[in-house]
Amino acid sequence: MVGIARFRDFVIALTRMAEEDVPEARWLGEGKALLAELIRRDDWLPESCAAAGPTYRQYLLHCDPLERFSVVSFVWGPGQRTPVHNHTVWGLVGMLRGEEISKEILPGAPMRRGRVDHLRPGEVVAVSPNLSDIHVVENALPDRSSVSIHVYGANIGAVSRSVFDPETGAERRFVSGYSNPALPNLWDRSAEAR
Ligand code: FE
């Protein structure tokens with residue numbers, strides 16, 4: 001975890017943006033650039049937050065104390081995918097390791113497939129109720145895990161949102177929670193203080 005300081009600096013930069021109360025467009029612009037810089041190198045994510053499970057995993061890496069944003073690592077094992085879901089707040093998805101496919105899903109009965117993004121390491125895409133907010137995400141690789149880093153404009157694990165039945169379009173309430181009971185320690189700066 002040699003690069004944990006880079007993740008800490010990322011959190012600090014996002015916190016400064018939150019303090020400025022920037023509009024969504026700036027999160028999706030400047031925030032996207034910050035996330036692209038963070039995921040340019042894969043040397044900082046703690047292994048405990050990159051482990052696959054029996055279904056996809058979502059590990060909280062940091063939540064702003066005022067819940068203005070959160071940062072989450074998503075891990076898909078081979079063959080794993082999310083349900084069709086929405087977010088209700090803006091989000092940024094940056095590919096760190098492996099590859100994933102995000103398929104936009106359009107309302108209807110049955111629901112229709114929209115744009116397809118095939119994400120490779122270093123790429124960042126946005127979701128938002130103001131752009132397109134419903135999608136399904138899956139691991140694009142058959143033989144190993146894929147890991148992406150997400151930033152959302154809320155404490156996403158506690159947001160009441162929806163999953164959808166793609167055949168009927170029926171909507172069901174969904175609160176995702178998080179897979180980890182403890183957060184990475186970003187704040188042990190003793191080595192530089194000594
Ligand atoms: Fe999503």
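Me: Which residue in E9 stands opposite Val72?

Reply: This is a predicted model, in which local features need pLDDT of at least 70, side-chain atom pairs count only at pLDDT 80 or more, and totals for chains, interfaces and linings use all residues. Residues are numbered from 1 along each chain as its sequence is written, and side-chain values use heavy atoms, with hydrogens and water left out. Strand E2 (residues 70-76) runs antiparallel to E9 and is joined to E9 by seven bridges, where strands (E, at least two residues) and helices (H or I, at least four) are DSSP runs numbered from the N terminus. In E9, the residue opposite Val72 is His150.

Me: Which residue stands opposite Ser148 in E9?

Reply: E4 and E9 are antiparallel and pair over six bridges; two strands pair if DSSP finds at least two bridges between them. Opposite Ser148 stands Met95.

Me: How many residues of strand E9 are buried?

Reply: Buried means under 20% relative accessible area, exposed over 50% and partly exposed in between, with a 1.4 Å probe and protein chains only. Ser146, Ser148, His150 and Tyr152 point one way from E9, Val147, Ile149 and Val151 point the other way, and all are buried. For strand E9 (residues 146-152), the count of buried residues is seven of seven.

Me: Which histidines are the protein donors of the iron ion?

Reply: Donors are N, O and S atoms within 2.8 Å of the metal (3.2 Å for Na, K and Ca), and sites may look incomplete as water is not among the atoms. Along the chain the donors of the iron ion are spaced as H-x1-H-x47-H. Each donates through NE2, at 2.1 to 2.2 Å from the iron ion, and they are His85, His87 and His135.

Me: How many residues apart are His87 and His135?

Reply: Both His87 and His135 are buried. His87 is in the loop between E3 and E4, while His135 belongs to strand E8 (residues 135-139). The pair links distant parts of the chain, and the separation is 48 residues.

Me: Why are the rings of Trp27 and Trp90 called stacked?

Reply: A pair of aromatic rings is described by the distance of the centres and the angle of the planes. Rings of Phe, Tyr and Trp (its six-membered ring) pair if their centres lie within 6.5 Å, and planes under 30 degrees apart count as stacked, over 60 as edge-to-face and the rest as tilted. The structure holds seven aromatic pairs. The ring centres of Trp27 and Trp90 are 4.8 Å apart, and the pair is stacked because the angle of the planes is 20°.

Me: Which residues is Ser128 in contact with, leaving aside neighbours within four places in sequence?

Reply: Ser128 is in the loop between strand E7 (124-127) and E8, and it counts as buried because its relative accessibility is 0%. A polar atom of its side chain lies 2.8 Å from the backbone nitrogen of Asn130. Contact means heavy atoms within 4.5 Å. By that rule, the residues touching Ser128 are Glu24, Val89, Trp90 and Asp133.

Me: Which residue forms a salt bridge with Arg97?

Reply: Arg97 counts as partly exposed, at 24% relative accessibility. Arg97 lies in strand E4 and its partner in the loop between H2 and strand E1 (57-63), so the pair joins parts 55 residues apart in sequence. The closest N and O atoms are 2.8 Å apart, and the partner is Asp42.

Note on methods. A polar contact is a pair of N or O atoms within 3.5 Å; within protein, one must be able to donate a hydrogen and the other to accept it, and residues adjacent in sequence count only if both atoms are side-chain atoms. A salt bridge is a side-chain nitrogen of Lys or Arg within 4 Å of a carboxyl oxygen of Asp or Glu.
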